[in-house]
Each structure stands twice: as C-alpha cells, then as structure tokens.
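Have a look at the structure first, then read on.

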Amino acid sequence: MAPPGGRPVRTSRYRAFLDGLAAHPWLIGDTKTPGRKLARRVRVLTLVAILAANLVGIAVVVAFAVVVLPKPDGVSGTSAVPVNLALGGAYVLFALVSGVIWGRRLVETGPNGLRAWLEPDLRPTAAQRLRVLRAPLRIMFVQMVLWGLATLLFAGVNVIYSWLLALGVGMTVALGGITTSSAAYVLAELALRPVASRALAAGPVDRRFVPGVALRWFLAWALGTGAAIVGLVAVGIVALTSVSIDEQTLAITVVVLGSTALGFGALVGALAAYATVHPIASIRRGLERVGEGDFEVEVAVWDSTEMGLLQSGFNEMAAGLRERERIRDIFGRQVGREAARQALAVEDPQLGGELCEVAVLFVDVVGSTQLAASRDPRQVVTLLNEFFAEVVEAVDEQGGWVNKFEGDAALAVFGAPTPLPNRAAAALAAARDLDARLRQRVQGLSAAIGVASGTVVAGHVGAESRFEYTVIGDPVNEAARLTELAKEQPRRVLAAGTTVAVGGEEAAHWQLGESVTVRGRSQPTQLGTLRDGAE
C-alpha cells in the first residue's frame with residue numbers, strides 16, 4: 001500500500017533505517033559535547049578497546065596452546081608448563097599496564113596530543129588532526145611491539161626444554177600478537193571516531209601515512225581468517241617434525257581452527273563492513289536529500305579512511321550546489337526568471353538575437369525629479385521599491401517579465417523569451433491592473449503607463465565580456481513615447497490602437513481615440529485609453 005505521495009511504505013522505512021544508520025551520536029559524537037567530557041569518554045572507550053583486544057589475543061593463545069598445538073615428546077614431565085603459566089601471567093599484567101600507558105601517551109600527550117586541543121575546546125591544527133587519524137595505527141604499533149617481545153621471550157625460555165616446543169610456543173604467541181594487534185586497530189578506530197569527527201570538521205588533513213580502507217579490510221582478514229590459517233601452518237610445521245599427531249588431535253585442530261575462522265571471521269568482517277558502510281549510509285541519505293532539493297544538507301565527517309574523503313567531498317559538493325542556487329536565484333531576480341532560465345540553458349550564448357512578436361509595457365514615475373529633490377534619498381528608495389514590487393507582481397500575473405529597471409522606470413515584455421499567444425491582451429490587462437494597484441497601494445507616487453506591440457529583436461546585446469538579454473525595436477520606442485504622453489492624461493495610461501485591436505476580450509476595457517505622431521516615429525499612433533469605470 002502506498003502513502004498519499006504514491007511511494008511505497010517500505011521506502012520510508014528504508015530511509016528511516018538509513019537515518020538511524022547514518023547518525024549514531026553515541027558512536028560518532030556530538031559537536032556540541034564539551035571537549036573535556038568527550039576526552040573522558042574517548043579515554044574510557046580506548047581503554048576498553050585495548051583491554052578487549054588483549055583479552056582476545058590471550059584467549060587465542062590459551063586455546064591454541066591447550067587444544068590445538070601438539071606437544072613434543074618428553075616435555076610433559078618437565079617444569080615447562082608451570083614456568084610458562086607464571087611467565088605468562090606476569091607478562092600479561094606488564095603488557096596490559098604498559099600498553100595502556102604507552103598507547104595513551106602516544107595519543108593524548110605532547111603539543112599535538114588530544115589534551116592540547118580537545119579538553120580546552122580549541123580548533124586543532126593540521127598536525128593535531130593528523131595525530132588523531134594516526135592514533136589507531138599507533139595503538140596497533142604498541143601492541144605489535146609488546147607481543148613481539150613476548151614472542152621472543154617465550155621462545156627463548158622454551159628453547160631450554162625443546163626447540164620444537166620453543167617453535168610451537170613462539171608461533172602461538174605470535175598468532176596471539178597478530179590477533180591482538182588487528183583487533184586493537186579495528187576497536188581503537190571505532191573508539192576514536194568521536195574525536196576523529198571533531199578533528200576532521202576543523203579542516204582537511206594531509207593523509208600521508210594514514211591507513212585507508214584497504215588496511216582496515218586486511219586487518220579484518222588477518223584477525224578473522226589469517227590467524228586461523230597461521231594456526232594450521234603451525235600444526236603442519238610441527239607435524240613435519242618428529243612429533244606424531246594422531247587422527248583425533250588432527251580432527252580437533254581442524255574443528256577448532258575452522259570454527260574460529262568461521263565465527264570470529266564473520267564477527268570481524270561485520271565490524272569492518274559496518275565501519276565502511278556507516279559513512280556510505282550517511283552520504284547516501286545526504287544524496288537523497290539533495291535529490292529532494294535540500295541543498296542545506298551537510299553530513300558529519302568522522303571516518304579516517306577514504307570514506308572520510310567522500311564525506312568531505314559530499315559537503316564540498318553540497319556547498320557548491322548551495323552557491324549555484326544562490327547565484328541562480330540572484331541572477332533570476334536581476335534579469336528575470338525566464339531570461340535567466342534561457343541564459344542558463346544555452347551552453348555558449350552569442351551576441352545578437354531573433355525576430356519575434358511581443359507586447360511591451362513601459363511605466364515611468366511622474367515628477368521623479370521633484371520627488372528626489374523633496375525627500376530623503378532613503379525614503380525615495382523605499383517608495384521606489386514599493387512601486388517596483390507592484391510592477392513586478394502585476395506583470396508576473398499576466399505571464400510577462402520585467403526586462404529592466406531604468407532609474408524610476410521599468411520595461412516589461414510579453415512574448416519573449418517565452419512565446420505568449422495572448423501577449424497583447426496580457427499587456428493591456430497588466431497595464432489596467434497596475435494602474436489600479438499604484439493608485440490604491442502606493443501613496444505619494446504617480447506613474448504613467450504605455451503599451452505597444454509588434455516585431456522586435458530579442459537577444460543578447462552588449463559585448464562578449466558583458467551583455468544582457470533585452471528586446472529592441474519600434475514597439476519599445478512607441479511604448480516609451482506613449483508613456484510620455486500618458487503623463488498628461490487623467491488616467492495616465494495609454495495603449496497603441498493596433499495593440500487594443502488585437503486585445504481580444506481585454507479590448508472591451510479600452511476605447512480608441514485620436515491619432516498622434518509621437519516623437520521619433522513617422523507613422524501616426526491611434527491612442528487607446530481606459531474606459532470610465534475600468535479597473
């Protein structure tokens with residue numbers, strides 16, 4: 001079932017889903033949140049991310065050491081197990097404490113750290129923004145160093161008992177290091193998104209040595225699939241030695257590693273997919289709003305990868321569209337909507353024009369010199385704006401457009417640039433309506449109106465570097481001269497008889513009178529005036 005607009009209900013639900021997906025204040029932060037509060041929140045999230053990553057790595061090591069890794073013969077009766085357990089417990093405590101302290105120092109302290117700009121709510125510099133984007137990589141580096149040292153330490157201790165045991169334990173710890181480092185990067189990136197959003201909102205960033213989507217997905221693969229494959233390789237290496245592996249042990253190994261690859265890989269893949277789809281969803285919703293005509297839309301920029309560049313690019317595009325619409329609006333107001341639309345439709349406008357049939361209305365203020373001399377200039381401008389507002393409204397209602405304002409006069413055209421079949425009737429109706437409007441609504445000002453029709457040249461006039469769309473021809477001159485004569489008439493509205501003759505039903509409001517030869521023309525013009533009572 002479709003709503004009144006005709007669009008399916010599922011579309012609105014889909015948009016609601018996109019809105020919810022594209023804007024999670026709890027995850028990307030709120031720009032209005034105080035910096036000190038945001039810093040505390042990110043500090044807690046980062047701590048949780050580091051601890052969670054290490055717990056995942058420890059779980060992987062324990063599972064592989066107990067269930068998967070084959071034990072060389074002759075090791076069971078030695079002190080290898082208690083020594084490894086004691087050393088493991090001590091090193092885990094050391095690694096967790098040092099990893100948190102070292103990671104926070106790399107991210108928070110120093111002139112470019114978070115504390116320098118986030119807590120006092122300052123605008124971050126380019127170097128400070130770059131530090132934020134590199135923060136997940138720094139945290140991953142810390143975990144790689146700590147787990148690399150653990151690999152060397154445990155391999156060195158176990159070589160005393162057996163080189164095969166040292167190889168197996170070393171590869172198991174290295175496997176935990178790969179898992180922890182990858183998880184630390186993915187989780188730290190999510191934890192630091194609120195700060196990344198605020199940093200990227202301050203301006204663009206030089207992306208040298210900033211990880212992208214490719215690294216994010218590679219780490220997701222390493223965490224979800226690569227680790228399990230490394231485990232299989234370790235078992236294979238041990239099996240190639242003198243250690244015998246029975247079918248049950250091999251089956252358990254395959255089941256554990258396969259389950260890990262499937263379950264953990266799906267989870268990490270989902271996190272990586274979410275981290276990539278989340279910014280895309282915000283851009284998608286923004287594009288929908290732009291398509292609906294909302295050019296004020298702006299998406300938050302929080303992703304440190306190429307997705308963040310897309311978010312920034314969308315905002316730049318939206319800003320360009322807003323500027324274009326603003327220019328289009330101002331252009332349309334200055335030259336008229338129809339003229340602006342025609343000018344924008346032509347890819348390479350040329351000087352010159354074409355012959356067309358139009359009706360012309362010319363209106364001029366009576367006594368403008370005295371008006372300007374007797375009033376404050378600001379009052380004159382206010383009065384003229386009221387006058388021109390009525391002119392524009394009266395002309396627009398009849399399908400014409402005001403071609404230009406000339407001081408205290410205006411030229412309106414009916415039939416160009418868009419053809420108008422009843423152009424003469426429209427111009428006569430606009431003149432009659434405008435006369436009534438000015439007498440009723442604009443006090444302290446009187447204007448004369450002249451209407452004529454005929455053939456003109458409509459097109460661009462001027463120079464290649466500066467031109468305007470206008471109409472030139474005898475009807476324009478005739479309408480201007482009729483306006484001069486109308487200043488001496490009681491109703492101050494005159495139309496050419498030829499225009500009244502083709503005015504259709506509108507001609508009933510006019511009457512024809514004498515013929516005069518107006519200034520600049522050799523042919524006489526029969527004058528048409530409004531009948532008594534015509535409004």
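Predicted model: local features only at pLDDT ≥ 70, side-chain atom pairs only at ≥ 80, totals over all residues.

## A walk through the model

With 23% relative accessibility, Ala-261 counts as partly exposed, because that class lies between buried (under 20% relative accessible area) and exposed (over 50%), using a 1.4 Å probe and protein chains only. Ala-261 sits in helix H10, residues 247-291.

Residues are numbered from 1 along each chain as its sequence is written, and side-chain values use heavy atoms, leaving out hydrogens and water.

Confidence is lowest in helix H1 (residues 9-22), with a mean of 49, and highest in S6, at 94. Over residues 1-11 pLDDT stays under 50, and the model has seven contacts beyond four places in sequence for that stretch; a contact is heavy atoms within 4.5 Å.

Overall, the protein has 17 helices and eight strands, taken as DSSP runs numbered from the N terminus (H or I, at least four residues, for helices; E, at least two, for strands). Of its 535 residues, 46% are buried. Among contacts between residues at least 6 apart in sequence, 73% join residues at least 24 apart.

Two helices can be checked against their expected span, which is 1.5 Å times one less than the number of residues:

| Helix | Number of residues | Expected span | End-to-end C-alpha distance |
|---|---|---|---|
| H16 (residues 474-486) | 13 residues | 18 Å | 18 Å |

Buried residues of H4 include Asn-84, Tyr-91 and Glu-108. Gly-110 follows H4 and has a positive phi, near 90°. In H16, the buried set includes Pro-475, Glu-478 and Leu-482. The buried residues of H16 pack against several strands, among them S1 (352-365), S3 (409-414) and S8 (525-530).

Finally, which helix holds Phe-218? The place of Phe-218 is in H9 (residues 213-239), and at 49% relative accessibility Phe-218 counts as partly exposed.

Conventions. pLDDT = per-residue confidence, 0-100.
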